[in-house]
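Let's take a walk through this protein together. Have a look at the picture first, and then we'll go from the overall outline to the inside.

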Amino acid sequence: MLVSILLWLVAGLSVLALVIVACLMAATLWIAAKAERLVPASGNFVEIDGSRIHYVETGEGRPILFVHGLGAQLHQFQHTLFNRFGPGCRLIALDRPGSGYSVRARGATGRLPEQVEIIRRFIETLGLERPLVVGHSLGAPSR
């Protein structure tokens, strides 16, 4: 009898845990959809080694590439710094793989050396010649 009650209790708690996890997943999807509506992707995308990289660019001339830090996205630079540069600069900001609207390749770890390689390939893909790379926080080691 006691074993039967314990089994029902364990089963009930397991179902409750599954319901809570499902609710948290639904809330995450709802919040992500709302964020995408409020701040839609504003730039271009390029595929690099299976990662889909979102970036914005403006201007012509010497390329300056902005790489944001942990928990951030390209708008940190686009909205605060882009309007401070005069003519003669090609300004590019990207969302690091797994941040903003950039998506990591399947099986990618997101470790720093891996992200540095993606950024190197990004520079190569866009044909940026000797860009000035400006990194903030965790974006700085990618220089």
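Predicted model: local features only at pLDDT ≥ 70, side-chain atom pairs only at ≥ 80, totals over all residues.

**From outline to core**

A compact globule of 143 residues would have a radius of gyration near 15 Å, yet the protein chain comes in at 21 Å. Turn the model around and you'll find that the C-alpha trace spans about 80 × 30 × 25 Å along its principal axes.

The protein chain has 3 helices and 5 strands, and reading along the sequence gives you the pattern α-β-β-β-α-β-α-β. How much of the chain is buried? Of its 143 residues, 29% are. As for contacts with a separation of 6 or more, 71% come from residues 24 or more positions apart.

Let's go inside. The largest nonpolar core has 15 residues, and those touching the most other members are Ile53, Tyr55, Leu65, Ile92, Leu94 and Phe122. Strand 1 (44-48), strand 2 (51-58), strand 3 (61-67), strand 4 (88-94) and helix 3 (112-126) each put in at least two residues. Which of them gives the most to this core? That's helix 3, with 5 residues.

Leaving aside residues up to four places away in sequence, Leu65 touches Ile92, Leu94, Ile119, Phe122, Ile123, Leu132, Val133 and Val134.

The protein chain exposes about 9,300 Å², with 63% of that supplied by carbon and sulfur atoms. It carries 14 positive and 10 negative side chains, and the centres of these two sets lie 7 Å apart.

Note on methods
Residues numbered from 1 in each chain as written. Heavy atoms only, no water. Helix = DSSP H or I, 4+ residues; strand = E, 2+ residues; numbered from the N terminus. Rg over C-alpha atoms; globule rule 2.2 N^0.38 Å. Buried < 20%, exposed > 50% of the residue type's maximum accessible area, 1.4 Å probe, protein only. Contact = heavy atoms within 4.5 Å. Areas by Shrake-Rupley, 256 points an atom, 1.4 Å probe, with all protein chains shown as cover. Lys, Arg positive; Asp, Glu negative; His and termini not counted. Charge placed at Lys NZ, Arg CZ, Asp CG, Glu CD. Core = buried A, V, L, I, M, F, W, Y, C linked by side-chain atoms within 4.5 Å.
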